[in-house]
Structures are given as C-alpha cells and as structure tokens.
Amino acid sequence: MASHIVGYPRVGPKRELKFALESFWDGKSSAEDLQKVAADLRASIWKQMSEAGIKYIPSNTFSYYDQVLDTTAMLGAVPPRYGWNGGEIGFDVYFSMARGNASVPAMEMTKWFDTNYHYIVPELSPEIKFSYASHKAVEEYKEAKALGVETVPVLVGPVSYLLLSKPAKGVEKSFSLLSLIGSILPVYKEVLAELKAAGATWVQFDEPTLVKDLDAHQLQAFTHAYSELESSLSGLNVVIETYFADVTAEAFKTLTGLKGVTGYGFDLVRGTKTLDLIKGGFPSGKYLFAGVVDGRNIWANDLASSLSTLEALEGIVGKDKLVVSTSCSLLHTAVDLVNETKLDKEIKSWLAFAAQKVVEVNALAKALAGQKDEAFFTANAGAQASRRSSPRVTNEAVQKAAAALKGSDHRRATNVSSRLDAQQKKLNLPALPTTTIGSFPQTLELRRVRREYKAKKISEEEYVNAIKEEIKKVVKLQEELDIDVLVHGEPERNDMVEYFGEQLSGFAFTVNGWVQSYGSRCVKPPIIYGDVSRPKPMTVFWSSFAQSTTKRPMKGMLTGPVTILNWSFVRNDQPRFETCYQIALAIKDEVEDLEKAGITVIQIDEAALREGLPLRKSEEAFYLNWAVHSFRITNCGVQDTTQIHTHMCYSNFNDIIHSIIDMDADVITIENSRSDEKLLSVFREGVKYGAGIGPGVYDIHSPRIPSREEIADRINKMLAVLESNILWVNPDCGLKTRKYSEVKPALSNMVAAAKLLRSQLASAK
C-alpha cells in the first residue's frame with residue numbers, strides 16, 4: 001500500500017515561519033529561536049504524515065526562503081558580491097542573497113513555472129567554482145530519522161537547476177548554462193554519498209522543467225546527467241518528479257530511459273495527456289508515482305474518479321509498482337482546513353487543504369490495497385454531488401451576460417495616440433509625470449483599525465473616519481513630495497484580490513488559508529466557487545473621497561479580472577476563461593461607476609496576466625487571447641478623456657509584448673527593476689509602442705533607498721529607448737510592505753530625479 005507526498009507547505013498552519021523569520025530579520029529574536037520554530041514545524045509535518053500512513057514522506061522540502069536558493073547554497077554558487085569566503089553557508093549570506101543587504105542588492109526573483117510562488121534565480125558564469133557548502137538535505141534526513149521517521153530526501157534536480165538559472169551580470173547572454181552540468185554533478189555525488197551513509201534508501205529529484213517545450217540538446221542533458229550519476233545512485237531508489245503539466249512524448253521517452261532511476265512522478269491533474277503516454281508503454285519493473293490529488297487547488301478530490309484512474313494504471317504498471325501521490329508539492333495549497341472555523345459548512349465540505357490531501361492520498365492507497373474506508377468514500381461522494389447541484393453555484397443572469405460577450409472583441413472607439421492627446425488636454429501633466437503604483441505602507445496602527453472593525457470593536461463611523469484620516473495623510477504626503485498623479489494609498493484594503501472578492505458574489509474566504517508567495521510573504525487566495533457578479537459599487541466611495549481632498553488627478557484603483565482569477569483558487573467545474581469573463585463584467589460595472597463619479601484616471605492592475613501563461617507554446621495563443629480580451633471588456637465603454645492605466649509584475653515581457661500592446665491601455669507601469677532592464681531590450685529591438693509606459697525605477701521589494709543619481713541613471717537608460725513624451729516615472733510595485741522611513745526618502749529622490757531630467761530635456765530643446 002504505497003502513498004507519497006511530493007512536498008509540503010513550510011509556512012505553518014498559522015504562518016509560524018513567517019513571524020519567526022520577520023522577528024529574526026528585525027533583530028528581535030536569535031538564529032536559535034528561528035531554528036527552533038523551523039525544527040518544530042518540520043517535526044509536526046513528518047509526524048502528521050507518518051500518522052496518516054504515508055509511506056514515502058519527503059524531507060528537505062522545508063525551506064527558510066526558497067528551495068532553489070537552498071540548492072544554490074548546497075552548490076556553493078554564491079555570487080561574488082556577497083563576499084562569501086567558503087565554509088558552510090549561514091543565515092547572513094543566505095538571507096543576503098534572498099533579500100539584499102545594506103550594501104548589495106538581492107538576487108532576482110521570478111515565478112516558479114505558472115504558480116504564484118517565486119524562486120530566487122541562480123546567477124551562473126563560466127568561471128564559477130561549485131563546492132558542497134550547505135549540508136541541509138542530509139541534516140534534515142538525519143533529523144527526521146532521529147524522530148523515528150524514515151523520509152525521502154528531495155533535491156532540485158541538476159538539469160532543472162541549470163535550466164532555471166540565468167547568466168550572471170556581464171556574462172554573454174548566449175552562455176550555455178547546461179555547459180556547467182559537469183561542474184555541478186560532483187557536488188550532487190557528495191550529497192548522495194552522505195545520504196547513503198546516513199541510511200537513506202530513496203531519494204527524489206524534482207525535474208519539473210521536463211514539462212516544458214525542450215529541444216533535443218536540453219533533453220540530452222538529462223540523459224547525460226543521470227548516466228554520470230548512475231554509480232552514485234546505485235544502492236538508492238530514485239524517483240524523478242515532474243509536475244504542473246503533461247510531458248511531451250519526447251520528454252517521456254527521455255525520462256523513462258534515464259539510467260539509475262527507479263520511478264517517475266507525473267502530474268495527472270494538469271497533465272491528463274500523460275495518461276495516454278503511460279498507457280502506450282511504461283517501462284516494466286519501474287514505479288509510477290501517480291499524482292492524482294491536486295496540489296494546486298483546494299477542492300476535495302473526487303475519490304471515486306481518482307480510484308478508477310488508479311485501477312486502470314494498476315493494470316499497466318502492476319499492483320506493487322503503483323504509488324498514489326499528489327500532483328505536485330502541496331506548497332501551492334493552504335495548510336489545514338481544521339483552522340477554518342468560520343467557513344460555511346456546505347462550502348467547507350467541498351474543500352481539502354494540504355493536511356486533508358495527505359489523508360486523501362492515503363485513503364486512495366488503502367482502497368487500492370483492498371482496505372477501502374467506505375464511510376470516507378461515501379461522505380466524499382455526497383460532497384461532490386452537493387457541489388454539482390447547489391443553487392449557490394449557478395446564476396442564470398451571469399451565465400447569459402457572459403455568453404453574450406462572444407460576438408465582439410470590445411475595443412475602445414479611438415486609437416491610443418488620439419486618446420492620449422485628449423487626456424493630456426484634460427490632465428495637463430508635465431514631461432516624465434510621476435506616480436506610484438497604488439498602495440502606501442500599511443502601518444501597525446492601520447492594521448489595528450481594520451482588525452478592530454472586523455472584530456466589531458469599533459463602529460463603522462469610527463472606522464470610516466480613521467480611514468479618511470489616513471487617506472488625507474497619504475494625499476498630503478504625495479502633494480508635499482510633488483507627485484503628479486496621486487493614489488489614495490488603499491488603507492481600507494487587506495489585499496488586492498481579497499478586497500474585491502469580498503464584495504463580489506461567488507467568492508468564499510478563509511481565515512488561515514495562507515500560501516507562500518516568496519520568503520515570508522504569504523497570500524490568502526479567495527475561493528471562487530460559483531458564478532461571479534457585483535451586487536453594488538466597491539471602491540467609488542473611497543476614490544471619490546480621495547479625489548475631493550486634492551486638485552491633482554486621483555487614480556481609481558482596481559484589480560483586473562485575469563489577476564483576480566490567477567490569484568484565486570478557481571472552481572474546477574467550468575473552463576477558467578468562462579470564470580474570467582464573468583469577473584470582467586463585474587469590473588466593467590465598477591470602471592463605469594468610477595468614471596461617473598468624476599475619476600479621470602483609472603488603474604486596472606493585471607499583475608498576474610503573464611503568470612497564467614501555459615507552460616507549453618502550443619497553448620499560449622488561446623490563453624492570451626481570452627486574457628487580453630477580458631481586460632478590454634473592463635474598460636471598452638469609457639470616454640477618450642478617461643485614462644486607463646494597468647500595472648504588471650515580474651514579467652518576462654518580451655515574449656508577450658504584442659499581447660500587452662493588444663490590451664490597449666493608455667499607460668502601463670511595469671515592475672522591472674530586479675530584472676535589470678531586460679525589459680527595455682524589447683523596445684530597443686524596434687517594437688513600436690505608442691502608449692504611456694512606466695518601467696519601475698526602483699525595487700520596492702528591498703529595504704534599500706536608491707539615490708537621486710541612481711534613479712536618474714535608470715531613467716536615462718529608459719530614455720535611450722523610449723520617447724520622453726510617453727515615459728512615466730514610478731516605483732516598480734505598491735509600497736504596502738515598506739516602512740514610511742524608507743518610502744519618503746525613496747519617493748523624494750524619485751521626484752528629484754524626474755525634475756532633474758525634465759530640466760535637462762527642456763534645456764536640450
């Protein structure tokens with residue numbers, strides 16, 4: 001009876017790790033305190049899986065920040081700027097790489113495939129010397145063993161590690177990262193030797209890049225790497241995990257032909273085509289780790305359906321070679337449903353978080369072994385049926401309105417350059433106008449006010465007055481800093497998606513459904529369980545108030561439909577695009593109400609547009625088409641003089657620039673300051689972009705305060721490729737997570753840099 005979990009959330013059921021990390025970073029607690037919290041979390045996870053009956057329990061999936069950064073530490077691949085001189089890598093070097101420090105910036109962070117998790121991108125060069133510099137994998141294996149739990153140590157596979165890296169600054173862009181494979185394998189061999197010596201019998205390599213479109217050379221790297229490792233792998237059982245999509249026929253052939261490998265893990269939730277490959281021929285005597293329990297969503301598994309899939313697979317691979325598993329690490333789902341005391345009973349019966357998924361995996365494994373828990377399966381079937389027939393899920397009017405969208409592509413009546421002229425007549429902005437992305441710091445005091453209002457400790461009137469005071473303060477500060485287009489600072493918002501979801505129908509919310517986004521930052525995705533509509537205006541009250549306090553333009557602030565979709569747990573009973581169109585119609589109502597209320601600049605954030613991009617080229621066009629269409633639906637009805645902004649995050653934009661142009665926004669602000677102007681190269685290469693654009697001029701994810709000169713230098717680099725009449729000056733993301741002591745000087749330097757360049761441009765004319 002074999003069950004396996006690919007990986008498990010690290011943050012803790014109540015974000016224990018987040019609070020321990022932030023306390024340590026603030027100097028309020030010691031390294032020992034942090035290590036103690038981490039050890040307790042690991043112990044409780046191993047114990048929980050062990051008690052649930054899981055056979056293959058992972059270790060080394062815990063991380064203080066990110067598993068790719070852990071691998072960088074293991075390989076001693078520390079960029080020279082961190083001044084590391086060898087020896088075991090400690091917290092100071094580790095966290096400097098993750099977050100930067102007073103003197104040097106952090107390493108780049110980017111999306112982990114198409115999830116909302118971010119990893120720290122390794123920076124590699126031909127000269128790099130790898131050395132075994134973090135013994136974490138072995139230490140955690142021993143730690144579990146001392147607690148009486150036998151685990152499967154998990155390592156990021158060597159080929160995926162290189163394919164997920166980037167050439168370091170100053171290295172030719174054409175440098176082949178895979179050429180380093182021979183240099184990193186000796187470290188992997190040392191790790192494997194230590195794991196064997198410690199008594200490990202299984203090891204798991206995560207090679208998720210196998211689900212991407214790989215060329216023959218890249219596939220060859222897998223064959224080469226694992227034959228190189230073959231002698232080190234002897235005496236160990238090895239499972240190679242893939243996840244997030246199906247594997248191509250070529251990748252399947254490469255994977256199942258690897259030397260020294262005992263088993264293969266596949267995502268059978270998002271990779272249903274892989275089933276056909278398995279049916280077409282699975283190597284005999286090898287283990288199949290069948291990922292039938294969804295690691296990326298919060299819906300309870302349809303156990304009856306999974307069981308029939310597993311029974312079919314059993315016929316192909318044999319009873320003793322089939323292992324029931326999760327589709328990917330449970331890192332991407334919430335931790336434990338037990339902590340949701342406020343959720344509606346019926347909706348709760350439709351859900352399973354990480355802890356419940358562990359139980360589901362085991363229940364399926366037991367059922368396969370002939371020990372089916374009938375009561376558990378019956379309750380599950382009842383919940384599945386109630387979800388299918390519940391009247392709360394379906395709203396006829398919404399279904400009709402969404403179906404009616406099919407006929408048009410919802411474009412604004414005039415082109416962007418004539419709209420920009422009309423807007424400039426009305427707004428009268430200087431060259432290089434300054435603005436911010438939306439949020440201002442959320443102080444402890446502000447969080448307290450929101451918390452007390454939620455707990456009904458203060459009246460609505462007291463709450464509204466407190467928020468109005470905060471808005472006035474933020475407006476006054478921006479006026480003092482002489483920023484051109486203002487924001488109200490979003491003091492009333494807990495989160496850019498949750499805030500809207502709470503006011504839309506078809507959404508449910510958790511209290512502790514936190515998921516790690518990066519480091520200590522967690523998000524609490526809403527759950528979209530039914531048809532979506534907007535019962536009444538959501539932001540008009542606050543935006544109108546904010547505009548009434550200033551003569552300068554005040555941006556209305558909305559989250560776009562694609563981002564609400566991609567940052568939520570989405571219903572899995574209809575195609576994602578249908579849900580997206582429903583959300584777009586709700587946001588369209590809001591945009592039009594803001595315009596009626598006299599708001600002339602409206603920002604519709606699509607921070608997550610790119611992260612929904614499928615991992616396969618062949619599926620990209622379909623996604624981009626409906627995603628961009630959804631954005632246009634929201635603002636196709638406004639007047640030419642209403643300026644529509646959008647903001648995008650963390651994007652490797654260059655490959656989707658044409659879709660971005662097709663969104664037809666008037667101004668787009670882009671978070672790019674960590675990806676070193678890579679973004680600008682697309683404009684250098686001659687893409688014609690006529691709308692306003694504001695590439696972020698400083699990185700808000702780091703506490704560092706950039707100087708006026710540094711920002712002016714960045715703007716100059718942008719002016720080399722972009723016309724001065726379309727360039728905006730702004731930070732690269734919202735300021736919610738920063739402190740005022742960082743924000744004031746940084747914005748002051750930003751405005752000073754813009755003014756400096758304005759005067760240079762004017763005198764050049």
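The C-alpha centres of domain 1 and domain 2 lie 33 Å apart in this predicted model, in which the protein chain is divided into domain 1 (2-390) and domain 2 (416-764), with bounds taken from an automatic or database domain assignment. Residues are numbered from 1 along each chain as its sequence is written, and side-chain values use heavy atoms, without hydrogens and water. Local features need pLDDT of at least 70 and side-chain atom pairs count only at pLDDT 80 or more, whereas totals for chains, interfaces and linings use all residues.

In the interface, 54 residues of domain 1 are in contact with 40 residues of domain 2, contact meaning heavy atoms within 4.5 Å. The area buried between the two domains is about 4000 Å², with 54% given by carbon and sulfur atoms; buried area is the accessible area (1.4 Å probe) that two parts lose on being put together, summed over both. On the side of domain 1, the residues that lose the most area to domain 2 are Met109, Asn116 and Trp299, which together make up 14% of what that side buries.

Four salt bridges are counted between domain 1 and domain 2, each defined as a side-chain nitrogen of Lys or Arg within 4 Å of a carboxyl oxygen of Asp or Glu. Glu611 forms a salt bridge with Lys111, where the closest N and O atoms are 2.6 Å apart.

By class, the side of domain 1 that touches domain 2 has 25 nonpolar residues (Ala, Val, Leu, Ile, Met, Phe, Trp, Tyr, Cys and Pro), 19 charged residues (Asp, Glu, Lys and Arg) and ten polar residues (the others, Gly among them).
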